[in-house]
Every structure is written in C-alpha cells, then in structure tokens.
Amino acid sequence: MIKSNQLKVYNSLSGQKETFEPINQDKVGMYVCGPTVYSNVHLGNVRTFMSFDMIYRYLNYLGYKVRYVRNITDAGHLTDDGNVENDRFVKQSKLEKLEPMEIVQKYTVDFHKVLDVFNLLPPTIEPTATGHIVEQIVLTQKLIDLGLAYEVNGSVYFDVLAYNERGLNYGELSNRNIEELISNTRDLDGQGEKKNPVDFALWKNASPAHIMRWSSPWGDGFPGWHLECTVMSTKYLGDYFDIHGGGMDLKFPHHECEIAQAKGVHQHEPVKYWMHANMLTMNGQRMSKSTGNYILPMQLVKGDNDFFEKPFPASVVRFCFLQAHYRSVLDISNEAMLASEKGYHRLMDALKTLETLEAKEASTFEIEEWVSKLYAAMDDDFNTPVLIAHLFDGVKIINSIKENNGRLRKDDLDLLKNEFKGFVTEVLGLRNDQANGQNNQLDEAIKLLIEIRNQARVDKNFALSDEIRDRLANAGIQLKDGKNGTEYQH
C-alpha cells in the first residue's frame with residue numbers, strides 16, 4: 001500500500017510542480033545520468049547522485065516498486081574542439097600509462113567506493129555505454145531512415161532543423177528557440193561537416209589515432225554522448241517512463257538531445273517528469289580545479305585539504321547536503337560543516353534516547369499530527385530542509401519525554417519510534433557514524449592490548465598476559481589464541 005498519494009514533483013519540462021502519478025500504478029521507472037569514469041567523482045557529482053538517492057529512498061519508503069537505472073559512461077567522447085588528443089579517456093590513459101578500459105575500471109571502482117561511503121543505495125540496473133554499442137548503432141540507423149539524421153565522412157549527425165520542421169520543438173526543455181541556438185552555436189565537433197552548427201553527433205568517425213572504436217555501417221567510430229542515455233533508458237524502462245534526472249548542467253544540451261532522439265523515433269515524449277539537481281559551491285565560489293577552489297569527496301571526509309579545519313564523517317557531509325533543497329544551489333564552508341555536525345549529533349543522540357523511552361497510559365503530544373508534517377514536507381517536491389526542521393521538533397518531543405516533561409501511550413510511542421527512525425535512516429539515509437567511530441577506536445585499543453599481551457608472552461611475563469586476557473573477558477571481550485594469531489569478539 002502506498003503511504004501517501006499527495007506527492008508533488010517539480011517538472012523541469014513544464015516549469016511547475018505537478019502531482020506525481022506513475023504511468024503504471026505503484027511502480028516507478030527512474031533514470032539518472034551517471035558518471036563519465038575517466039577521473040575521480042567530483043563532490044558536486046556526489047551531491048547530484050545523493051539528491052536522487054534521497055528521491056529513490058522516499059519513493060521506496062512510500063511503498064512504490066522502483067526500477068532505478070543509472071548508467072556508466074565508459075566510451076570515449078571528443079571535447080568541444082573535436083581533437084582526438086583531448087578525448088578524456090585517451091588523455092587520461094596517456095597520463096597514467098594505462099589502457100582506456102583500465103582507466104574505466106579504476107574510476108568505476110572509485111565511484112562505487114565513494115558512493116558507498118556516503119551511504120547511497122545502488123541502482124537497480126547500472127548499464128554501461130560500451131555494453132550497448134549495437135543498440136546505439138540501431139537507433140542511429142532508425143533516425144537516418146526517418147530522415148532525421150545524415151552521414152558525412154563516416155560520422156552521423158542529428159538534423160535539428162528537419163526535426164523542428166515536423167513540429168517536434170527542439171529546445172522545449174531548456175526553453176530555447178532554434179534561431180537563437182543557431183546564432184549562438186559554433187560548429188566545434190563537426191569541423192564543417194554539419195548542415196547546421198546546432199546539429200549534434202550521433203556517431204563519430206574514428207581517426208587512426210583514436211583508441212576506443214567500434215565497427216559500424218559508416219565505418220569505425222564511436223557513439224555520441226547523448227545517444228547512450230536514450231538507448232539505455234528506453235531499453236530498461238520503455239519508450240515512456242516516469243522520471244529522468246541529472247544535474248542542472250545536463251539540461252542543455254544533453255537532455256534536450258535525448259528528448260529529440262527519442263521523440264524522433266517514437267513520436268511522443270519519452271519522460272513524464274524531468275528532474276534536475278542544482279550545483280554545489282564552496283566558500284561562495286564555484287568549485288573549479290583551475291581556480292584552486294576544489295576538493296574531492298574523500299579529502300573532505302579524511303581532512304586532507306586546506307579548506308576545512310578537520311575531517312568530517314560522511315554522514316555529517318550527507319546531512320549538510322540534505323539541509324538544502326535539491327533544486328537550490330548549496331554552498332559548503334567550514335562553518336556550515338561545523339553547524340551540520342552539531343545538528344547531526346543531535347539527531348543521532350535522539351535516536352539513541354528514543355530506544356530507552358517507555359510508554360505511559362496517556363499522551364501529551366499529537367504524534368499523528370507531527371508525522372503528517374514529515375510526509376507533507378517530502379510530498380512537497382522532496383523538501384528535505386523542512387523535513388529536517390520537523391525532525392528536530394521530534395527531537396524536542398523525545399527529550400521532553402526523557403526528562404519526564406511529557407509522555408506517550410504505547411501506540412503513539414511506537415509511531416514516533418518507527419517514523420522518526422524511518423525518516424532519519426531510510427529516507428535521509430543517515431548512518432550513525434558516532435557508533436562506527438567509537439567501534440573503530442575500541443578495535444584499535446583492543447589490537448594494541450593484544451600486541452602488548454603477545455610481547456608479554458614472548459618475554460614469558462605470563463602474569464601480565466593472563467591479566468590482559470582476564471580483564472578483557474570481564475569487559476565482555478573474548479580472546480581466542482589460534483595458529484593464525486589472536487582473534488577477539490565483543
């Protein structure tokens with residue numbers, strides 16, 4: 001059963017909030033543009049993926065069965081100047097003296113590790129661009145057959161003017177008209193081959209120097225960037241699905257081109273709700289390697305940077321990110337992280353206290369009314385800042401009961417426990433890094449004592465060895481000596 005039917009989402013295509021009504025009752029298809037794995041995932045990318053992880057989590061929490069598809073871009077694409085030497089995968093493979101697919105593997109693993117640290121759920125399906133070359137060639141041929149694409153010197157381009165002449169409106173997502181686009185677009189990737197500078201590549205001819213290449217009816221080449229997402233989203237979600245998400249920077253040209261490709265073939269909109277997460281800034285400025293205002297996700301978590309005074313656990317970073325609405329620009333700073341750390345600890349302390357509360361015969365708090373506010377916040381286009389404010393109201397209720405300034409009967413207490421914990425851990429995805437940190441410190445202390453005990457046994461100081469074993473046992477920590485060394489359990 002779906003817990004709420006009041007969800008509204010902001011649709012970038014219409015420019016307004018709309019009531020969320022899945023195409024297939026109780027089921028949701030969601031596609032999110034994934035990373036291009038030629039380098040470490042950026043902190044701004046983490047914010048985007050975290051936003052859609054939160055959306056995925058809430059849809060699951062409501063009871064929807066969600067098929068979440070997020071791709072991996074592992075095929076080489078030219079940069080704007082069309083120079084093969086600037087192909088990101090080729091360039092990085094030369095810098096690191098690795099094969100392009102070794103680069104792909106290295107940074108795909110890094111991407112997964114980083115997202116796991118920040119407690120992002122894996123998607124249902126994670127297809128790769130190189131695993132769908134055949135489908136991309138087939139779609140390109142269909143567009144040629146429909147008169148919406150043309151081949152020049154082994155490259156194939158989408159004909160935007162032909163598309164618009166059929167009343168299909170290239171520019172509908174980004175609200176740009178074709179005349180403006182033509183006047184403001186330079187022919188960078190076509191090098192004079194294209195009919196119009198606004199036309200975009202479906203397939204590019206590979207020069208002899210291009211390492212990543214595949215056979216096609218038009219010669220050896222590689223797919224255009226926009227093509228892969230159209231192919232993979234429709235293959236796994238159908239030619240009309242519920243949600244397509246990504247960063248705000250992808251709205252044009254990437255998502256605009258996706259719409260054109262899909263509508264060109266299927267003659268209808270491919271997506272019901274287009275959703276875009278906004279950018280991340282640091283200390284009031286855009287994050288950029290060139291300006292030095294730049295930090296990687298794990299540098300923030302480990303404290304290996306010059307911008308923040310100490311390391312911040314991943315859950316604190318996650319809490320900081322979710323304090324801003326996903327469609328708002330989020331600025332992070334040392335002060336913002338310190339404030340988020342305090343708020344995060346308040347939530348974790350409340351979760352711990354909640355488990356110790358006991359039910360009474362009557363209630364002095366309206367828990368159902370408080371719970372309705374949690375759902376109302378998330379139903380309003382996933383408004384996590386308002387949700388968090390209501391959760392802190394819940395913290396006040398919990399602390400009041402702890403201090404005997406209020407009480408709850410069993411059904412209200414159970415509701416408070418279930419929904420407070422549910423929204424904190426399942427919807428916001430916050431883990432208790434306090435406990436993790438304490439456990440890590442305990443483990444290190446035990447290992448140190450084991451080392452001291454081992455040395456005592458070498459020195460034949462059996463009294464000290466036995467004392468360490470016995471005192472640890474009294475503390476609930478059992479040591480077991482074996483041929484592989486000393487193991488422990490607590």
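Analyst: The second largest cavity holds about 50 Å³ of space in this predicted model. Its lining is made up of Thr230, Ser233, Thr234, Phe241, His244, Glu258, Ala262, Pro270, Val271 and Trp274. By class, five of these residues are nonpolar, four are polar and one is charged.

Four elements each supply at least two residues of that lining: the helices α7 (225–237) and α8 (251–266), and the strands β9 (241–247) and β10 (271–277). The biggest share comes from α7, with three residues. Thr230, Ser233 and Thr234 are among the lining residues, and they fall within the range of α7, 225–237. Their spacing fits a general rule. An α-helix has 3.6 residues a turn, so residues three or four places apart point the same way.

The largest cavity has about 60 Å³ of space. Arg47, Met50, Ser51, Met54, Phe321, Leu322, Ala324, Tyr326 and Thr384 line the largest cavity. Six of them are nonpolar, two are polar and one is charged. Here α1 (43–62) and α10 (314–322) are the elements that each give at least two residues. The top contributor is α1, with four residues.

Next, an open space. The second largest pocket has a volume of about 250 Å³. Its lining counts 13 residues, and Asn24, Lys27, Val28, Gly29 and Arg67 lie nearest its centre. Seven nonpolar, two polar and four charged residues make up this lining. The strands β3 (27–32), β4 (65–70) and β9 each supply at least two residues to the second largest pocket, as does the helix α7. Two of these names come up again: α7 and β9 also each give at least two residues to the lining of the second largest cavity.

Helix α11 (residues 334–354) has 21 residues. From first C-alpha to last, α11 reaches 30 Å, close to the 30 Å expected at 1.5 Å a residue.

Technical notes
Residues are numbered from 1 along each chain as its sequence is written. This is a predicted model: local features need pLDDT of at least 70, side-chain atom pairs count only at pLDDT 80 or more; totals for chains, interfaces and linings use all residues. Side-chain values use heavy atoms; hydrogens and water are left out. On a 1 Å grid over the protein atoms alone, a cavity is a set of points where a 1.4 Å probe fits but cannot get out, and a pocket is an open set with protein on both sides within 12 Å along at least five of seven lines; lining residues have an atom within 4 Å of a point. Grid points are joined across faces, edges and corners, and a volume is the space filled by probe spheres set on the points. Ala, Val, Leu, Ile, Met, Phe, Trp, Tyr, Cys and Pro count as nonpolar, Asp, Glu, Lys and Arg as charged, and the others, Gly among them, as polar. The expected span of a helix is 1.5 Å times one less than its number of residues.
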